[in-house]
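Open the model in your viewer and keep the selection panel at hand. The tour moves from a helix pair to a sheet, then to the interface.

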Amino acid sequence: MPPKPPVPRSLQRKPAKPGANGNGAKPSMKDTAVEVPVSVVGWLDERSGASPFLRGFLYRKVPKGTNWFYTLGSASMFAFLSQAVTGVFLAMYYDPDPTRAYESAARITNEIFLGELVRGMHRWGSTVMLLLVFLHMGRTFFFGAYKYPRELNWIIGVILLVLTLLMGFTGYLLPFDQRSFWATVVGVNLNSSGPVVGPYLADFLRGGPEFGAYTLSRFYAMHMLLIPGLIAALIGAHLYLVAKLGTTAPPWLKAEKSKALSKEEV
Amino acid sequence: MAEQKKNPRQRKPRYTADRGIAGAYEGETVTRRRLFEGGAQAAGGVAVAAFGLPALGFALGPMFEDQLEDTFQDVGPVEDFNTEDYVPKVITLVPETAEAGKTTIYVRKTVPASEQETEEQKLDARNEDQPYVAISTRCAHLGCPVRYVTASKRFICPCHGGVYGFQGQVDGGPPVRPLDRFYTKVERGRVLVGPRFSLNSKLERFAPRDPSNHLDGLWQYLYPSRPST
């Protein structure tokens, strides 16, 4: 190795002055820099009281036997976050006008930088999210985690499942090609087949008796504002209840007998 | 207070003065705190209703508003059509939606009463006041576009296998009622096509219904006519 060039004088570390820092020196730039994030976090924590809350929320005790199946809920939530982020950015290029929707969606895929990737993540991410939500529901069911006192969380979860399905239904129309158009026509008419309220539901979805000028923008508004807002709020309630009630042990684990109790039996 | 503890079911005294509240007025039954609590809740409710109700009405309005225009469109001269076979024509249902608002319809001349010979032709007597039969291609099952097959004189749906006869009545598959039709009239030698109407299995006319809505027997009462049509 050739010898390193000498460091310029201005960048050379000055020898510590006696006195401060135990020996009289001012704290070095590095020491100050290290302290900045610590003091920022401390400033926030002191004013928000976040750390006791976060400690209780993130470091709560979990039962013995907790395994990979218990990550399906977080995975569903991260799938939702991915959908939210990609969806927000897709909305920057998408135009919910019946005469321009198809072209704008095609432009995202074919022309815009990384458009194909982001649209693909959103499109396949929707399938992944539904799969994860179903697996999460299956885990809850087969582990008996819906039982007392977690029934309310099961109910919230079922509403979240329905809302996720509605996201799929309303999002499917947005590319506005033949497939999505006719699938939505059939889907709306399926709603209409319900007795008494069905036809009104279909009118609500279409914004009238025909697939009209505002049907696409109605679906768009539901897809990106109404339903995601509800989902985000309900995920909050879902998580609150998980943190409050804790998780259940897998059903194959039997409760350990307390030694103190068995002694008393004798 | 001591007496109240003995019997928890005993109601609080009616007057605040009797409850030992400092500064109670004579004859006062609602404490100031209760009154202000209720007032604050009511004010909040009014504030939410002030933006919530108009927003809800805004979103639901189209369900209760007649939006179908009663206009007639020209589909061609009378010479274009005959009593034997359907001729496909494209009409516009919703002008603002470009291609998505257009639809194909099948048009033929109604067989005049004097020329009705076969059973099939005699069914035309049910809608005699209409000079032309303009059949909608919206399948009565779930709304896919049906096509007319001249060789078999049938309408066939590509989605779930619905089959309709020459009059648009159900011959097979899942559809619950015949194909919809449009009102027709003739003006200055041109055929005009107007608003949609639905039919039951006896080819009796009803206000337009969505696909999948029954119009026969007791079922028809579960799918009444809607204000939007």
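**Stop one: a helix pair**

Select helix H5 (residues 115–142) and helix H6 (residues 151–172) of chain A: they pack at an angle of about 160 degrees, with axes 11 Å apart. Helices here are DSSP runs of H or I, at least four residues, and strands are runs of E, at least two, numbered from the N terminus. Axes are lines fitted to C-alpha atoms, for helices over the stretch in contact, and angles run from 0 to 180 degrees between N-to-C directions. H5(A) and H6(A) are therefore roughly antiparallel (an angle over 145 degrees).

This is a predicted model: local features need pLDDT of at least 70, side-chain atom pairs count only at pLDDT 80 or more, and totals for chains, interfaces and linings use all residues. Residues are numbered from 1 along each chain as its sequence is written, while chains are lettered from A and ligands numbered from 1 in the order in which they are written.

Now show the side chains. From H5(A), the contact residues include A:Met129 and A:Val133; from H6(A), they include A:Trp154 and A:Leu161. Contact means C-beta atoms, placed from the backbone, within 7 Å.

**Stop two: a sheet in chain B**

Go to the open four-stranded sheet, order S5-S6-S7-S8, with antiparallel pairing. Pairing takes at least two DSSP bridges between strands. Strands S5 (147–149) and S8 (170–172) of chain B are the edges. Zoom in on S6 (residues 154–156) and S7 (residues 163–164) of chain B, joined over two bridges. B:Ile156 has B:Val163 in S7(B) as its bridge partner.

**Stop three: the interface**

Show both chains. Here 25 residues of chain B contact 24 residues of chain A.

How values were computed: Contact = placed C-beta atoms within 7 Å. Parallel < 35°, antiparallel > 145°, perpendicular 65-115°, else oblique.
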